[in-house]
Every structure is written in structure tokens, then in C-alpha cells.
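Let's explore this model together, one question at a time. Have a look at the structure first.

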Amino acid sequence: MAAVYGDAHRRRPRAVATSSSRIYEEAEHAVDHHVWFVLGVLLGNGIGSLLAVFCLVRMTDQRRTVRNRLLLVLVAAWALIETARDDMLFVAATTIHMSDYEVHFFLAPSMGLTAIAVLFTVGIFWFAAAHPRPLWTIGGGIAAGLLMTAMSLQAAFSGRTDTSTTIDVANAAMIAAGLGVTTGMAVWLGTGATSRQARATAVTLLAVGLTIVQYLISAEVTTDPSVTVNSDAGINPVQLAVFTAVAFGVRAIALTVMSMIEEGRPDPAADQIDVHGIR
């Protein structure tokens, strides 16, 4: 009996060690996946930011036709708003609702809101293109950043589960202010910029700033199991993954098409000092 007990006693630590090892490996695997998710979101935001800055750089060029400048303004506005919304959907699916297998994403309201936000941003950028002074470019960028935050918040709450989701208003306001300032600086740097340094800085500010804000929003969202909501409306996570992948592809195609359209057209005059005084 003692021998049997001794054998069992010796085996128990091995089982515990094996279980702990398995838990550690699963946790490490989950962290690895999370890192790849973050890098994917950063890449998606980077493509959208690059497309927006590509257009901001050229929209102040008075040698272009009104139609061409309006196209640049429209694409810049769409790139920022669409990127903020669709990449936030991916963040919400992989953070807020990662363990909610019955979640559905109701996207119908965001379609109309996206169109309205894009139109507002077009008006803001068109005025900034006509008056490319720091007051208007920074102010316009701040307004665009607030609209981007609003679209990100709407996307974060588009998930439908058996519980309701809430966020602290004060924290959301602080996040919106942070993205507003970051976007204001980026739009100021990117509007009419002739130096690679200014363009690269604008893209980096937008991409990194938006990624940070999206994950801050996901961290602030809380679920309330005491309030039940309808989880049947909308698309499932697999369909959402296809949707966000298509959105990323459309963004990349738009950047390629705009590059092809602009091939042979004048870049902002390299022999002039840009509006920020940076060569």
C-alpha cells in the first residue's frame, strides 16, 4: 500500500507540471495570435492612412482641375472614415467578442453613418484644400479625427450578443480628443507636403494613432449580462472576417488605382518649400 501511495504521490507533481505546461502553451499561443491581430490592424490602418495622405499631398495643387481635386478630397475622406470603421470591426471581433460564439454584427446603421461622415469630411477637406493654412488644416484634421472616433465607437457597439455593451463617456471623450489632436497634426503635415519626411510622419501618426485608439476603445467597452439584447440580427464572425478582408482589398486597390491615375501628373513642386517649411 505504501508503495502504491508512494507511486501515486510521485506521479501527481508530474501531472500538475504537465497541466501547467499545457496552460502556459495555450496562453502563449493566444498571445501570439493577439500580436498578429494587432499587426494586421496596423497594416490595414497603414494602407488607409497612406491612401489618405497620398490624396492630401495633392489636393492643394492649383494646377489641377476642380474635378481632379474633388476626387482627391473624396478619396482622402473615404479612406480615413472607412478605415476607422472597418478596422474597428475587426478589433471588436477579436477582442470584445472573442469568446462570444453567438455574436452577430449589425452593420446597417453604420452604412448610413459612414456616408454622412464621409460627406462631412469631404466638406472639411475641401475647405482646407482651398485654405491650406495651419489654422484650417489642423482644425479640419481635428474635426476629421472626431468623426473617425465616432465611427470607431459605432463599430465597437455593432456586435449583438446576449448582453449589452457600454463605455464610460468621459473615457470615450478623452480617446476622441487624443485622436482628434493626432489627426489634426497628421492632416497639417500631409496637406500639400513636398518632403518625404512630412509625408511619412503624417502616415505614421495616422496609422499608429488610429490603431492605439481602436484598442483603447475595445479595452474600455464593458458587457452587462443583466441586460439582454437581440443577437439574431446581422452577420456572423465568419462573414465579418470576409467583409473586413474585402474592405482591406478595396482599400489597397484604391491606392493602386489612384497611383495609376496620378502617374505622369505633377507631384507637388519639389523645387518649392512646402507649407511647413520642411524640404
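Q: Which element gives the largest share of the nonpolar patch?

A: This is a predicted model, where local features need pLDDT of at least 70, side-chain atom pairs count only at pLDDT 80 or more, and totals for chains, interfaces and linings use all residues. Residues are numbered from 1 along each chain as its sequence is written, and side-chain values use heavy atoms, leaving out hydrogens and water. The elements giving two or more residues to the patch are α1 (2-58) and α6 (196-220), helices being DSSP runs of H or I with at least four residues, numbered from the N terminus. The largest share, four residues, comes from α1.

Q: How are α3 and α4 oriented to each other?

A: Helix α3 (residues 108-130) and helix α4 (residues 134-156) pack at an angle of about 175°, taken between N-to-C directions on a scale from 0 to 180 degrees, with axes fitted to C-alpha atoms over the stretch in contact. Angles over 145 degrees count as roughly antiparallel. Therefore α3 and α4 are roughly antiparallel.

Q: Which residues of α4 does α3 meet?

A: Contact means heavy atoms within 4.5 Å. From α3, the residues taking part include P109, L113 and F120. Their partners in α4 are W136, T137, G140, A143, A144, L147, M151 and Q154.

Q: How far apart are the axes of α5 and α6?

A: Two packed helices are described by the angle between their axes and the distance between the axes. Helix α5 (residues 169-190) and α6 pack at about 170°, so they are roughly antiparallel. Their axes are 8 Å apart.

How values were computed. Angles under 35 degrees count as roughly parallel, over 145 as roughly antiparallel, 65 to 115 as roughly perpendicular and the rest as oblique.
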